[in-house]
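The stops below are meant to be selected in order.

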Amino acid sequence: MGRKRVEINPESGKRLNQWLTANNMTGKQLAERLNYTQQQISKIINGKANLTLDMAKQISELSSDSLLDRVRVQWLMCQDDFMTGKDIVSATTENKFTKRELIENLLTLHGYLIEDITEQQPIMTDEKGRQYRKPLFAFVAPSGTRCYFTEKQLAAFIQQIDNYVEMSAMFLFRKLEGAAPAKPKRGEG
């Protein structure tokens, strides 16, 4: 019995090369820092081998101490088009987003994904003979763990996050407000 053929995603290699170029680093230097061979890195860059999730995580961790400047695993693995956290913030501030989109972007910044998997659902037929699929979303944690939500459940989940952020901000503000020096009166300071 022959080995199962593994499909290679050459785009990951192109993105790795793009990141190396942007950081004035060679494949050899990256290989040394990650304890891989130069040939392994070269195969990925040239589209002859896949970038593994483990290697993408290692590259992300060594790329920067700052979460916003760090190359994102999701970008290296071609799951989205935001190379760094700053790219997400920039896209968010350049456009007018809904509160839901902002929360989804915040989740993405922290490595979570919301995938619309409606197209994978079976086709249903309503009483008038019209075909449809029930909307379904996968919420994917950085570890790869998945939870599944209907459209209504996802909206409720996003609302819970919004409520939590609002309550946390209010709590932290009150805590800081109590610790802040008193505002000077007119004529003082």
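**Stop 1: the whole chain**

Show the chain as a cartoon; bear in mind that this is a predicted model. The protein has eight helices and five strands. Follow the elements from the N terminus and they run α-α-α-α-α-α-α-β-β-β-β-β-α. Colour by accessibility next: of the 189 residues, 29% are buried. Among contacts with a separation of 6 or more, 42% join residues 24 or more positions apart.

**Stop 2: helix H4**

Select residues 53-63, which form helix H4. Which residues of H4 are buried? They are Met55, Ala56, Ile59, Ser60 and Ser63. These residues lie on the same side of H4, because they cover an arc of only 140° around the axis.

**Stop 3: Ser60**

Is Ser60 buried or exposed? Its relative accessibility is 7%, and the limit for buried is under 20%, so Ser60 counts as buried. Draw a distance from the side chain of Ser60 to the backbone oxygen of Val71; the value is 2.6 Å. Then display Arg70, Val71, Arg72 and Val73, which Ser60 contacts when its neighbours within four places in sequence are left aside.

**Stop 4: Lys57**

Move along helix H4 to Lys57. With a relative accessibility of 34%, Lys57 counts as partly exposed. Leaving aside neighbours within four places in sequence, Lys57 is in contact with Val73 and Pro142. Val73 is also among the residues that Ser60 contacts. For a distance across the chain, pick the C-alpha atoms of Lys57 and Met77: they are separated by 9.8 Å, and the two residues are 20 apart in sequence.

**Stop 5: the largest pocket**

Rolling a probe the size of a water molecule over the atoms shows where empty space is left. The largest pocket holds about 440 Å³ of space. Its lining is made up of 24 residues, and those nearest the centre of the pocket are Lys57, Val73, Gln74, Gly111 and Pro142. Select H4, helix H5 (73-76), helix H7 (99-109) and strand S1 (113-116) to see the elements that each give two or more residues to this lining. Which of the elements gives the largest share? H4 does, with four residues. Coloured by class, the lining shows nine nonpolar, nine polar and six charged residues.

**Stop 6: Ile161 on helix H8**

Finally, select residues 151-179, helix H8, and centre on Ile161. Ile161 has a relative accessible area of 18%, which is under the 20% limit, so this residue is buried. Apart from neighbours within four places in sequence, the contacts of Ile161 are with Ile103 and Leu107. Pick the C-alpha atoms of Ile161 and Leu107 to finish: the residues are 54 apart along the chain, and these atoms are separated by 9.8 Å.

Conventions. Residues are numbered from 1 along each chain as its sequence is written. This is a predicted model: local features need pLDDT of at least 70, side-chain atom pairs count only at pLDDT 80 or more; totals for chains, interfaces and linings use all residues. Side-chain values use heavy atoms; hydrogens and water are left out. Buried means under 20% relative accessible area, exposed over 50%, partly exposed in between (1.4 Å probe, protein chains only). A polar contact is a pair of N or O atoms within 3.5 Å; within protein, one must be able to donate a hydrogen and the other to accept it, and residues adjacent in sequence count only if both atoms are side-chain atoms. Contact means heavy atoms within 4.5 Å. On a 1 Å grid over the protein atoms alone, a cavity is a set of points where a 1.4 Å probe fits but cannot get out, and a pocket is an open set with protein on both sides within 12 Å along at least five of seven lines; lining residues have an atom within 4 Å of a point. Grid points are joined across faces, edges and corners, and a volume is the space filled by probe spheres set on the points. Ala, Val, Leu, Ile, Met, Phe, Trp, Tyr, Cys and Pro count as nonpolar, Asp, Glu, Lys and Arg as charged, and the others, Gly among them, as polar. The arc is that of the directions from the helix axis to the C-beta atoms.
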